[in-house]
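Thanks for making time this morning. Please have the sequence and the model open while I talk.

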Amino acid sequence: MAEETTVLTPDGIESPGEEKTEGKSLVVARDLLPERLILIPLHDRPMFPKMMGPIILEDGGLQEAVMKHMNQNAPLYFGLVLQVPGDDGMARAVHGGDDFYKVGTVARVVQVSPFKPGEPLQILVQALERFEIVAVMKKESLFVAEVKYRYEPIQESSEELKAYSVAIIDCIKELVNMNPLFKEGLSLLLERINLSDPGSLADFAGAMTTSSGREIQKILETADIRERLEAVLILLKNEVEISKLKAKISKRIEEQLSKQQREFFLKAQLQEIKKELGLSKDDTQTEIEKYENRLKKLVLTDEAREKVKEEIEKLRLLGSSSPEFNVTRTYLDWLTILPWGVYSQDSYNRKKAAKILDRDHYGLEDVKNRILELISVGVIKGDLSGTILLLQGPPGVGKTSIGRSVAQSLGREFFRFSLGGMRDEAEIKGHRRTYIGAMPGKFIQAIKTCKTANPVIMLDEIDKIGASFHGDPASALLEVLDPEQNRDFLDHYLDVRFDLSKVFFMCTANQLDTIPGPLMDRMEIIQLPGYILAEKVEIARRHLIPKQLKAHGLTDKQITLSKGVLTAIVDGYAREAGVRGLENAIKKILRKSVGKIIDNPQENIRIHVEELKELLGKRYFSEDNAFKKPRVGVVTGLAYTSLGGATLHIEAIPIPTGQAGFKQTGQLGQVMIESSEIAYSFMRSLLRNDKEATELFKTNLIHLHVPAGATPKDGPSAGITMACALYSLVTGKTIKANVAMTGELTLSGLVMPIGGVKEKMIAAKRAKVQEVILPKDNQEDFEMLPDHIREGLSAHFVSTFDEVKRICFK
């Protein structure tokens with residue numbers, strides 16, 4: 001009669017036995033497996049039954065459970081279960097039973113390594129049987145699972161299972177041939193399993209693959225032997241294909257490497273053979289010969305020649321693999337590529353030069369005369385010394401474009417670069433060679449590009465040069481633009497002196513206020529005030545229309561713009577000092593006319609004045625009809641801005657307040673506000689004996705306004721204009737029609753000279769003014785103006801305000 005026997009497990013759980021013989025209990029080994037197991041989470045891949053391997057325990061609770069049962073004479077079992085990975089495929093913290101897969105392997109601890117507190121514990125385990133988790137409980141920091149074992153049934157051999165087994169073994173053999181790393185797995189397979197057991201074969205074959213943990217877990221969970229064999233066979237086939245691809249890639253790379261190595265050795269041998277036969281030289285010798293050949297064509301200074309020799313000797317000693325080799329080679333490249341002593345042949349043909357300048361530009365007589373004077377000096381002297389010109393004027397008057405014409409008329413190379421926004425001194429004088437990526441400054445680069453030592457270099461926008469913590473480029477320009485210093489210009493990169501005295505420097509600027517005094521003192525200033533209406537029309541006919549017809553693919557036979565149309569465009573849409581607005585208007589007209597030309601290619605389109613509103617839109621500039629008719633307290637003045645000359649209308653009105661006061665509006669600058677206050681004080685003093693005027697000043701706030709209110713204004717030249725507006729207001733008299741004036745007023749009534757006479761006269765003609773009032777000291781300035789500007793203007797020159805009154809008021 002059998003009686004029940006119990007076995008104590010390490011966690012205190014009893015297991016029932018089933019058989020007794022002759023008073024002794026006989027227990028089958030598999031019946032000793034506990035129904036509850038402490039779980040050890042596996043992160044990478046599961047372990048199959050009949051496999052043995054090490055496991056590292058970092059959890060303190062698991063380490064304590066192992067060490068607690070080490071001295072007991074009882075086997076210690078754990079449940080090995082793969083942990084479910086997170087969404088990113090990485091291991092995550094275990095919080096409950098849902099974090100484990102449902103099928104694992106029970107394992108017996110075979111060996112425990114010596115334990116050191118605070119360090120991981122390594123144990124050697126042997127997997128025994130599969131189990132399925134029924135429930136998971138958390139016991140302190142450990143997870144304990146109630147399990148149900150899946151014992152492997154004894155499988156009857158069949159032809160199908162044998163076929164699967166043979167296929168698996170063939171795949172393993174193929175893997176071993178392609179990847180020697182599988183040999184160890186194969187020897188382990190042969191030692192531990194019986195090839196006649198298909199279940200064990202499937203388990204060990206699955207463990208050999210490099211498949212993911214999730215795929216191997218599916219093998220572990222598959223109970224049916226045939227299905228398990230089929231799934232393992234699929235994994236093995238994938239492994240074979242991956243190994244084949246890997247072998248193919250490795251072979252291709254090895255072939256490429258061997259080919260490159262073969263070419264390298266052959267080239268090295270060929271190079272050595274050529275050296276022995278004297279047919280070639282090494283890279284260093286080739287570079288040195290290149291520099292020596294360059295030097296034969298140049299006329300270096302003694303300092304430069306000594307520096308080149310020194311650097312060549314340094315290059316001989318350096319190996320081509322040295323970091324200093326490339327630095328020295330680049331430096332020698334710059335030293336030997338510059339045109340030392342190479343000058344282009346200057347042209348002394350004055351007629352040819354005048355023809356070129358007149359062909360490319362209309363007007364600009366001052367610049368043209370200066371270039372012809374320079375050529376005349378060259379005829380006598382036989383040499384054109386370096387010259388420094390500053391062309392100052394509003395945008396669009398031809399400052400930049402004339403540079404190339406000047407170079408062509410002199411027969412020199414031309415180089416232009418903009419100084420606008422430049423903030424680094426190294427842009428002018430170069431970087432020192434100690435810096436990585438160092439290079440010479442703009443002037444040495446320009447000399448290299450032009451390949452001559454006497455080009456025409458244009459420095460555009462010199463008034464917009466900046467300064468920063470990197471240095472002040474304007475100060476660096478002092479050496480370049482000084483004829484006494486630039487013959488020994490020292491670039492920081494070259495570190496040898498280069499002669500810039502033969503270079504013709506041309507600078508452009510919109511205004512002179514922002515140019516430092518010492519820099520401006522080194523240049524000859526030529527002012528380009530802008531163009532009057534007749535000049536703009538002529539420029540459009542000669543230059544702008546042909547240029548834009550070519551740019552739009554048209555001819556003068558397809559479209560015609562008459563002189564009257566051009567006059568209307570300038571008057572209504574392009575009154576600025578330059579011609580850029582006029583050119584943009586011509587572009588717009590041509591673009592809108594192209595459609596008509598496509599429809600009727602043979603038709604000649606003639607633009608009429610009446611069509612301008614449709615083509616260009618509303619006029620940008622009105623006729624100022626509101627100010628044409630004389631009114632009390634309204635006077636027209638002349639102003640000078642960075643965009644050229646302009647007219648402005650000054651208005652004054654009284655506001656009864658019972659007390660004296662004075663107010664100015666129109667975004668006036670500090671100087672202009674002071675001028676208005678001088679005019680107000682002078683008027684009160686001038687009319688102090690007039691009772692009506694005195695009473696008006698005492699009981700009214702005088703409001704002085706200068707339209708347009710959105711435009712900032714400043715300067716002293718509107719003094720007499722403001723005084724006339726106040727005089728007209730107080731006396732009730734209107735000023736003569738079509739009169740404009742400019743002049744600075746003092747407290748004693750004197751009229752002081754002003755600047756920008758030419759620009760202001762151009763603005764007066766543009767506004768169709770007939771009479772102008774100027775300070776007496778500006779009479780010579782007016783008389784020196786070209787006839788076409790003075791034509792139609794009646795000028796009055798005054799030295800006191802009393803003279804202004806006699807001219808303006810009846």
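Predicted model: local features only at pLDDT ≥ 70, side-chain atom pairs only at ≥ 80, totals over all residues.

Residues are numbered from 1 along each chain as its sequence is written, and side-chain values use heavy atoms, with hydrogens and water left out.

Helix 21 has 17 residues and reaches 24 Å from its first C-alpha to its last, close to the 24 Å expected at 1.5 Å a residue, the expected span being 1.5 Å times one less than the number of residues.

Which residues of helix 21 are buried? They are Met 672, Ser 675, Ser 676, Ala 679, Tyr 680, Phe 682 and Met 683, where buried means under 20% relative accessible area, exposed over 50%, and partly exposed in between, with a 1.4 Å probe and protein chains only. Seen down the helix axis, these buried residues fall within an arc of 165°, so they line one face of helix 21; the arc is taken over the directions from the helix axis to the C-beta atoms. An α-helix has 3.6 residues a turn, so residues three or four places apart point the same way. The buried residues of helix 21 pack against several elements, including strand 22 (661-665), helix 22 (691-699) and helix 27 (801-808), with contact meaning heavy atoms within 4.5 Å.

Now to the charged pairs. The structure holds 28 salt bridges, each one a side-chain nitrogen of Lys or Arg within 4 Å of a carboxyl oxygen of Asp or Glu.

Glu 160 forms one with Arg 226, their closest N and O atoms being 3.9 Å apart, and this pair links distant parts of the chain, helix 2 (residues 159-178) and helix 6 (residues 225-277), across 66 residues. Glu 174 and Lys 244 meet in a salt bridge at 3.7 Å, N to O, and here too Glu 174 is in helix 2 and Lys 244 in helix 6, 70 residues apart.

Glu 524 and Arg 370 also meet in a salt bridge, at 2.8 Å, N to O. Glu 524 lies in strand 17 and Arg 370 in helix 11, so the pair ties together parts that are 154 residues apart in sequence. Glu 524 is partly exposed at 32% relative accessibility, whereas Arg 370 is buried at 17%.

Finally, Arg 130, Glu 152, Asp 203 and Arg 228 are linked in a network of salt bridges.

Technical notes:
Helix = DSSP H or I, 4+ residues; strand = E, 2+ residues; numbered from the N terminus.
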